[in-house]
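Here's a quick tour of a few spots worth looking up. Have the sequence and the 3D view open as you read.

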Amino acid sequence: MRKLPAVIAVLGLAAVALVGCSSGSGASASCSRPTDTSSATMDLISVSGPTDAKPTVTVHTPLHATTTQFADVKTGKGAVPITTGKQLVVLDVSLTSATTGKTIVTTAYDGSDSTVLSVSQWSKSFPGFRKALQCATAGTRIALAVAPDGIESQAAQSLSLGKDDSVVAVLDVRKVYLAAANGALVYNSGWGLPAVVRAPNGRPGVVVPDSPAPQNLTVQVLKSGDGQKVTGERPVRLHYTVVNWTDKSVASTTWDGDPPSVTLSSMSKGFQDAVKGQRVGSQIMAIVPKADGTQGVDDTQIVVIDILGIDAVGVAASQ
């Protein structure tokens, strides 16, 4: 049996848009799962076993899917739905030959949350996964009959699949990170402080006032989340934008790519003080003076931080 990392090695970073859901912070109840339960093809697949272990898959072979079809084996109870291709997830995956019924490859199914990939990374090699993951939450198990065009050619080749071969896939959604902070809006009466505006996808913009910068670290909670508390003991998954006070320019932002996994001890004192003790789902604005900022930066900076999730121990901070 092959190991799935051989396939992951060919994954790219193509962005994939999922339709039918808000890309912001709506709860799973507002995100409608597409279903293919009426498909006769799905009647030819049986999936059993506990969802925290490798599934037992039975296929009435040979099966050839002309289009990728899927059905939920189990509906998850997670609060965060998958709404965008840029969203980070932890999946366990099992692939079975639709021709022979034999297992081709599986992930480890070891309970680890350390392999974090975006939906678009998975969809680069397995386009057939894209619609099946739409609005799924943690705990969901999905069975798919994947048509030949549902697997990218390089991935198919690495799995020794022919160009006309179909595959039966089982996806177990272990963890879903927020796409953007989804906490409740908090009123702040900070006269003379920057204002934050947000694009529909949650990306913030900062309006810097024409006034002197505060001399001390100033932290405001803009959205109050109710997820796990950030303690600093484990890496935290964040999106952040840093704006210089004096010339009002964007110094850096993570919103053009995947949100990084950050070890707080590697960040500036001001950044650490702003994030530590906050909860997942929160959006924080910190005004960080030079004394509490990044070494070598001579200006006061405004940092807007979305806290998207807590990573497992062992996730690389650069991932």
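Contact here means heavy atoms within 4.5 Å. This is a predicted model, where local features need pLDDT of at least 70, side-chain atom pairs count only at pLDDT 80 or more, and totals for chains, interfaces and linings use all residues. Residues are numbered from 1 along each chain as its sequence is written, and side-chain values use heavy atoms, with hydrogens and water left out.

Let's start with Asp-306, which sits in strand E18 (residues 301–310); strands are DSSP runs of at least two residues, helices (H or I) of at least four, numbered from the N terminus. Setting aside neighbours within four places in sequence, Asp-306 touches a list of residues including Ala-181, Arg-237, His-239 and Trp-255. A polar atom of the Asp-306 side chain is 3.0 Å from the backbone nitrogen of Ala-181.

Most residues other than glycine have a negative phi, and most peptide bonds are trans. Two residues go the other way on phi:

| Residue | Phi | Relative accessible area |
|---|---|---|
| Ser-160 | near 60 degrees | 54%, exposed |
| Lys-248 | about 60 degrees | 38%, partly exposed |

Ser-160 is in the loop between helix H4 (153–158) and strand E9 (167–176). Lys-248 is in the loop between strand E14 (236–244) and strand E15 (250–253).

Definitions and conventions
Polar contact = N/O pair within 3.5 Å; in protein donor to acceptor, adjacent residues only side chain to side chain. Buried < 20%, exposed > 50% of the residue type's maximum accessible area, 1.4 Å probe, protein only.
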